[in-house]
Amino acid sequence: MKSAKGIENLAFVPSSPDILRRLSASPSQIEVSAFSSDPQKENSQPQELQKPQEPQKSPEPSLPSAPPSVSVEQLRSLSLSEFEEGPCGWRNFHPQCLQCFNTPRGFLLHYCLLAVTQGIVVNGLVNISISTIEKRYEMKSSLTGLISSSYDISFCLLSLFVSFFGERGHKPRWLAFAAFMIGLGALVFSLPQFFSGKYKLGSLFEDTCVTASNSTSCTSSTSSLSNYLYVFILGQLLLGAGGTPLYTLGTAFLDDSVPTHKSSLYIGTGYAMSILGPAIGYVLGGQLLTMYIDVAVGESTDVTEDDPRWLGAWWIGFLLSWIFAWSLIIPFSCFPKHLPGTAEIQAGKTSQAHQSNGNADAKFGKSIKDFPAALKNLMKNAVFMCLVLSTSSEALITTGFATFLPKFIENQFGLTSSFAATLGGAVLIPGAALGQILGGFLVSKFKMTCKNTMKFALFTSGVAFTLSFVFIYANCENEPFAGVSESYNGTGELGSLIAPCNANCNCLRSYYYPVCGDGVQYFSPCFAGCSNPVSYRKPKVYYNCSCIKRKTEITSTAETLGFEAKAGKCETHCANLPIFLCIFFIIIIFTFMAGTPITVSILRCVNHRQRSLALGIQFMFLRLLGTIPGPIIFGFTIDSTCILWDINDCGIKGACWIYDNIKMAHMLVAISVTCKVITMFFNGFAIFLYRPPPPATDVSFHTENSVVTNVLAEEDLNKVVKEG
């Protein structure tokens, strides 16, 4: 489009890699290219501008040479030169063997490896090692809870700044930094093992009924081992610093490097791998816990895993993760700032940013002074904020269930904690990974627009909301428990574990080791009045139990033929477990199917230059409103259904041993439905508010990013005309 004087307005020049490359060549070439799009004229004009031009066929005034102005420098800085494509390598060293990885798939491979490593450490090894760390370093659960929260605290503090300044930076090198920090965090987390000395076994506790005093005195002492708490917190803070660029800048780099319709598939694959990481961490950590804790110094013991004093080698997995994470530093450092073909891909993309008064200008991200304005800009984007609140509400229930689903299964269906954790992981991990991949695939397959992507996420959330009511029907009533819901053969009082049959046994309420006898569960062999164990049988069995109604007389000579009680909980008569697992698996799939579409919608509804910062804000809110309070809210809710607490010798309330199953199921339904309604409300409100660019306009990302600069260039050129 040309003006009346024949000057071509840069604001309306179609965006293409060739034009933007020409604009970044030199100041003189930039000025000339503003007058003509003819390549031949471009080659001749720079020399002619050294002297006044001769009038030809039009009365335009002569255009003398003008020194480079500020607007020209701005034009250079915001041209296609920012897409610094190049070969894979370091400086002038570019091995041919590395060029096969210099593609979106090659980057995705390394991104997935780092995401898996991060998931293994943060959500796998840390979680499975917490109970061992509590025993080894004599910490309370509140302190280990602080360790778990340190990662989210670090992520929240750093996400905004890393995403803001990293947007303009070299994103693959930021991911190399992420690999370094994740490895360093894993190494620091394992250090207490090497400085705390050898683990000393205590004396074995007698769990049967003995007439002698079996109680312990109320003592309160603080061990120096608890000071290692600060080392664990430091490790988690470093891991949080490594996770921040991974999920903000790494996601934005993937979106940069592939066409719009493929972006969701790549992002979904990367997120799915981050979900598989915890599964690998649980399996790896579980196997390592079968090794004795001091195996590195050649220590061995006769204590088996069944002994409560046993501690496993929790630290080995962190060392392996440290080595693997640092092995990814070199591959990430060799990637160029942008993969080959990025400029062409970006030129072909069309902006779908929500049309509001808060669109970003071309100066975004240049200095710290722009940071408050950039934050304000995104906060004014109502569609973006609705999507952020939607994901935060969803994160609250997903992290809550990820933390407490094993406990729910254990108590509802009478399973062991290890088997319940296995079932929970078998449902959560594959379902979440499948949902992420499936959601990304469908969005990519049908090439959904930003608005259709949000509608798809709303649909999947609606399906998950409908199925959430499964908790009301797929639950089980509590099995008979002596002293809680069942009397001791007609003696004793409900609510008290002490009865005439065990009054002389001096049992400890702080030692919970359930046994089952005659269809009734007892708190421990001692509370069942059992005096003789058979330790070599699996599971361990007991006889001569004074609180269990005897059907036959059992003596020590017949101990191998029968027993009165066996270790473990009583088998449940509830058959709802298969139904619950199947429906909950479907809920998880549909819940996580919305994850990738919402992330893609966030990337589309904001200005192209603000994508990384948008992800940083999303993850900050997601942790402040979702992953941090989620387990706390679920924990308080589940504790409110407790009917039997652990009370130690000092009278201090500890963990809960028995829950009201029906009340627990109803409370979890209430939380799930409430959060799902909030998720769907903000998702639907975002759809209602979203205003795409007018259909008549075809605004590419390059045009969107450089429109302000082009207008400045036009003003500068008009100024030259007037001076001439």
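Helix α20 (residues 577–593) and helix α21 pack at an angle of about 10°, with their axes 4 Å apart. That angle is under 35 degrees, so α20 counts as roughly parallel to α21. The model is predicted. Its chain has 724 residues, and 52% of them count as buried. The secondary structure comes to 25 helices and seven strands. Of the contacts with a separation of 6 or more, 79% join residues 24 or more positions apart.

**Helices α20 and α21**

- Where do the two helices meet? Thr-591, Phe-592 and Met-593 of α20 meet Gly-595, Thr-596 and Pro-597 of α21.
- Helix α21 spans residues 595–605 and is mostly covered. Of its 11 residues, 10 are buried.
- The buried set in α21 is Thr-596, Pro-597, Ile-598, Thr-599, Val-600, Ser-601, Ile-602, Leu-603, Arg-604 and Cys-605.

**Arg-604**

- Arg-604 lies in helix α21.
- Is Arg-604 buried or exposed? Its relative accessible area is 5%. The cut-off for buried is under 20%, so Arg-604 is buried.
- The Arg-604 side chain makes a polar contact with the side chain of Ser-263, at 3.4 Å.

**Nonpolar cores**

- The largest nonpolar core has 63 residues. Phe-107, Phe-232 and Trp-314 have the most contacts inside it.
- Helix α5 (residues 104–136) supplies the largest share of this core, 15 residues.
- A second, separate core has 48 residues. Among them are Ile-429, Phe-590, Phe-592 and Ala-665.
- Phe-592 also takes part in the meeting of α20 with α21.
- In soluble globular proteins, nonpolar side chains tend to be buried together.

**Phe-107 and helix α10**

- Which residues does Phe-107 contact, leaving aside neighbours within four places in sequence? They are Phe-101, Leu-175, Gly-250, Phe-253, Leu-254, Phe-332, Phe-335 and Leu-339.
- Gly-250, Phe-253 and Leu-254 are among the buried residues of α10.
- Helix α10 covers residues 249–257. Nine of its nine residues are buried, so the rest of the structure largely encloses this helix.
- The buried residues of α10 also include Leu-249, Thr-251 and Ala-252. Asp-255, Asp-256 and Ser-257 are buried as well.

**The five-stranded sheet**

- Five strands form an open sheet in the order β2-β1-β5-β4-β3, with antiparallel pairing.
- Why is one side of β2 (520–522) and of β3 (530–534) left without a neighbour in the sheet? Both strands stand at the edges, and each has a single partner strand.
- From one strand to the next, the twist averages 30°.
- Strand β4 (residues 541–545) and strand β5 (residues 565–567) run antiparallel and are joined by two bridges.
- Val-541 stands opposite Lys-566 of β5.

**Ser-510**

- Ser-510 sits in the loop between α19 (470–473) and β1 (515–517).
- Its relative accessible area is 33%. Buried means under 20% and exposed over 50%, so Ser-510 is partly exposed.

Technical notes:
Residues are numbered from 1 along each chain as its sequence is written. This is a predicted model: local features need pLDDT of at least 70, side-chain atom pairs count only at pLDDT 80 or more; totals for chains, interfaces and linings use all residues. Side-chain values use heavy atoms; hydrogens and water are left out. A nonpolar core is a set of buried Ala, Val, Leu, Ile, Met, Phe, Trp, Tyr and Cys residues joined through side-chain atoms within 4.5 Å. Buried means under 20% relative accessible area, exposed over 50%, partly exposed in between (1.4 Å probe, protein chains only). Contact means heavy atoms within 4.5 Å. A polar contact is a pair of N or O atoms within 3.5 Å; within protein, one must be able to donate a hydrogen and the other to accept it, and residues adjacent in sequence count only if both atoms are side-chain atoms. Two strands pair if DSSP finds at least two bridges between them. Axes are lines fitted to C-alpha atoms, for helices over the stretch in contact, and angles run from 0 to 180 degrees between N-to-C directions. Angles under 35 degrees count as roughly parallel, over 145 as roughly antiparallel, 65 to 115 as roughly perpendicular and the rest as oblique.
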